[in-house]
Number of protein chains: 2
Amino acid sequence: MPKAKAAKAPKEKKADDPNKSAPGAGKAEKKKETGLGLSTKRDEDFGAWYSQVVVAGDLIDYYDISGCYILKPWAYAQWEYLKEFFDREIKELEVENCYFPMFVSASRLEAEKDHIEDFAPEVAWVTRSGNTDLEVPIAVRPTSETVMYPHYAQWIRSHRDLPLRLNQWCNVVRWEFKHPTPFIRSREFLWQEGHTAYSSKAECDVEVRQILELYRRVYEEYLAVPVVPGKKSEKEKFAGGDYTTTVEAYVPGSGRGVQGATSHCLGQNFAKMFNIEYEDAKGGRSLVWQNSWGFTTRTLGVMYMVHGDDDGLVLPPKVAPVQAIVIPIPNSKLSDEAKQKMDEIATGMCKSLKAAGVRSKLDNRDNYTPGWKYNHWELKGVPMRVEFGARDLETGTCVIARRDTREKETVKIEDLTKRCSELCEQIQKDMFERARKIRDENIVSLTSWDGFIEALDAKKLIMTPWCNTKDSEELVKKKSTAESTGGAAKTLCIPFEQPALEAGTKCFITGEPATCWVLWGRSY
Amino acid sequence: MPKAKAAKAPKEKKADDPNKSAPGAGKAEKKKETGLGLSTKRDEDFGAWYSQVVVAGDLIDYYDISGCYILKPWAYAQWEYLKEFFDREIKELEVENCYFPMFVSASRLEAEKDHIEDFAPEVAWVTRSGNTDLEVPIAVRPTSETVMYPHYAQWIRSHRDLPLRLNQWCNVVRWEFKHPTPFIRSREFLWQEGHTAYSSKAECDVEVRQILELYRRVYEEYLAVPVVPGKKSEKEKFAGGDYTTTVEAYVPGSGRGVQGATSHCLGQNFAKMFNIEYEDAKGGRSLVWQNSWGFTTRTLGVMYMVHGDDDGLVLPPKVAPVQAIVIPIPNSKLSDEAKQKMDEIATGMCKSLKAAGVRSKLDNRDNYTPGWKYNHWELKGVPMRVEFGARDLETGTCVIARRDTREKETVKIEDLTKRCSELCEQIQKDMFERARKIRDENIVSLTSWDGFIEALDAKKLIMTPWCNTKDSEELVKKKSTAESTGGAAKTLCIPFEQPALEAGTKCFITGEPATCWVLWGRSY
């Protein structure tokens, strides 16, 4: 299943140990409590900023095992929104949920050579229970092709058993040793993995794209993150598969591309390996065609990276656990009676917001100042803040402050709910459009090597005409490593939406005839 | 978290390896395909029957690692119904979902002595990644107290941080070596675990019972399985906790009790161990009070055991993925036109059933006989079968056959939906009532040791007056082991609903003054 090819050492600080290199955890926590916000600016040190913001924004906590993170309720609720959407959509496609064991025997794990070659160095092995050594070590799944497919071979006998479409929501483990980054690259993560079998390649091709479209929607409609759908190069495709499709996002802060989610056509490779054969309508024997596809908690990390700013997270309304935080602001001159009335009205605001489907919360804690609260909910990225002060009490108004643009507007209390509903839509749309504009501005088009390194170092992604060969990709890797200290470039994808390729266009690096445009970048 | 105390070797056949002792898997699969149903009768060999029915009923598949099972979509969908209910209810109680890492370091795992003593022999250890030995082995969580609570100590600083109420849905591993049984006792299983912290014991006490009530509802309202809510004895309580409450079910086929789900008050024991302290309103320091509670995929196994019969599973409508299976029965005399009409009407039936919220499915496959289909859906436990034959086509009627009672009734097609909706309610109710009657008939009341073994061997649970001491429980264990080959009896719970205990009543086994009635039985 979707495995991000190991990126070469991004030059960001290691975000894993709050006591060492990472500035996150303890420090950021303290900042939050003292109301001072983040100590690092996003554009000064993106890696340090990120490792702070995920803690200060209440998303994760660091853990005493490197590369493992605690997903706190604020982050987990966001994951649940994505799950709900995707789960509903795949059920519409008649995919069924199931659960396969987390453990896999060595013999099965190692059945497919290309596949295991890619995963082997990262597999965690259980060798002992209590004080007893196991007779044979067992692996913790890094993905479930080899867990599931031996059973597909048993279950699929006739063409009537096809298609078989299963999905599971689970944890997987890839014990990578380099640069863990919360959400983006962790040793244990959560995902869904879909595994389907069909009687024809044509059906597989259709499903690969249907699922990719759902991944595009996860990013663009929910996370407000624009993505480029496309096909992976031979070098970057899923090990053991036929071809890989992907949605690729762009992180302006680091200038890197990031593989968002992948949908693979596995062809008949695993079917051969595990002997997944069926009797067709005419009584003959055929091998099935297979797909696998997955998206992970990485999705959330991409969103935090794309939208966050120096004051913390900025959450798109569709995945914000709280969309509107209501903060009454009594002052010392207010009578007790007026204070009580203020509280009542604020409570009523929340109620009617909730009734209208706007997730809202009242923060009327008396041990924090309004300033502290503003700061706190800004760090957490809540899309709208509703301020309700002493003057508002007189005028029957309140102020809505947008997290994304900092714009403030005064509205009548009776219009609050309607306006917040509108703003949920508006903010979602605006955040996506802004991110798209920035992303588009950071894709440059080059037809020769000239300017390639400059563009990379200026945090750009680069579109070039390409001959689509492994050697040329290796060449780009080598040259970019040699000519810049910022790390190698690789292909992100061959976008499905291709600019016109005029006859006679040459590959930007080899000079051979180009067959497509491809997107290059540094990558997570 | 809830750990079933290890039962002493039930005398059922090992259900784990379809090629060896277990009669399930391959064989049952074959039976199903040839339409012959189960080869073992429930009352002749309950263990063998169970290991067949879980495969023939399409719930699980055996796996090449002992004690691990594949949850197929038919079972997993049932788990999803339970999850939806429970998740919604705990969110109402302001519990938040989160996700903690699966791995735990030895130092944390072993911090609480009583706790780890109970779990240590069953802990799976990861010692290697790829070909590299880890510096320190790490454990796969058997439960998450020691994973979570060090962080509770960091997060909870003030009384304003309380209560803290977290839950996670995840997998856990307990590498038990004896008698794995699908759903009931497996090495990896799925569950939810709730972990809460309060400033007072009183709040804990309330929550323990609120959660237990939800567990009662899972069993009684969803699974149609009656349970006895009560308190565990000191011997049987959760290791490291203060007291444990439980819902106990009864499996007539084996005559055993089974711990359904547990809700623990942990007191301040873990708080002491992990130093979970907060500043109270007066500026003093206090330790928190804690609960933990969980239910697992075992719930499903209990349901299959309680309701299943010689023809397969019997599912209560509330957790049946298909509540009504519609089977058209064309015969050879029907014209093509009439056959087509039959199919159209049957399709319409499904549509209107679905529209009315009755989960239904059309089985109009032409490569299976109606008899085969009846058999197939009976094995899977579908509550209602709608038969629609050639004569029905003329009369505008169809026949509803109940899975639970085998009763058949003819209804007009236009009344089908309404009747099926009614029957969903009725079957659910009837199944529960029947199970309760059987359970009640199998609880005997004894005031002395006389007849205890006879009752056990007659598959009864036994209520006795009791002095509530560990020694007396040990004594019963010893005597029951000595006097019968059927295995030891243990306390299931001290039911919350207590019969009157007349003054001067003696403990049935020690003759000391009795302080309560307790429920004994053999147990899973």
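How many bridges join strand β7 of chain B to strand β8 of chain B? I counted on the predicted model, where local features need pLDDT of at least 70, side-chain atom pairs count only at pLDDT 80 or more, and totals for chains, interfaces and linings use all residues. Residues are numbered from 1 along each chain as its sequence is written, chains are lettered from A in the order in which they are written, and side-chain values use heavy atoms, with hydrogens and water left out.

**Sheet.** I found 10 bridges between β7 (residues 164-173) and β8 (residues 188-198) of chain B, an antiparallel pair. Strands are DSSP runs of E, at least two residues, and helices are runs of H or I, at least four, numbered from the N terminus; two strands pair if DSSP finds at least two bridges between them. I looked up Gln168(B), and its bridge partner in β8(B) is Glu193(B). Both strands belong to an open, mixed sheet of 11 strands in chain B. Its edge strands, β3 (96-97) and β20 (443-445), each pair on one side only.

**Core.** I then checked the largest nonpolar core, which has 218 residues. Such a core is a set of buried (under 20% relative accessible area, 1.4 Å probe, protein chains only) Ala, Val, Leu, Ile, Met, Phe, Trp, Tyr and Cys residues joined through side-chain atoms within 4.5 Å. Tyr152(A) and Tyr152(B) have the most contacts inside it. Beyond four places in sequence, Tyr152(B) is in contact (heavy atoms within 4.5 Å) with residues including Leu164(B), Leu166(B) and His195(B).

**Symmetry.** I laid chain A on chain B by a turn of 180 degrees and a shift of 0.0 Å along the axis, with an RMSD of 0.0 Å, superposing by least squares on C-alpha atoms of residues with pLDDT of at least 70 in both. That is the relation of a two-fold axis.

Technical notes
Buried < 20%, exposed > 50% of the residue type's maximum accessible area, 1.4 Å probe, protein only.
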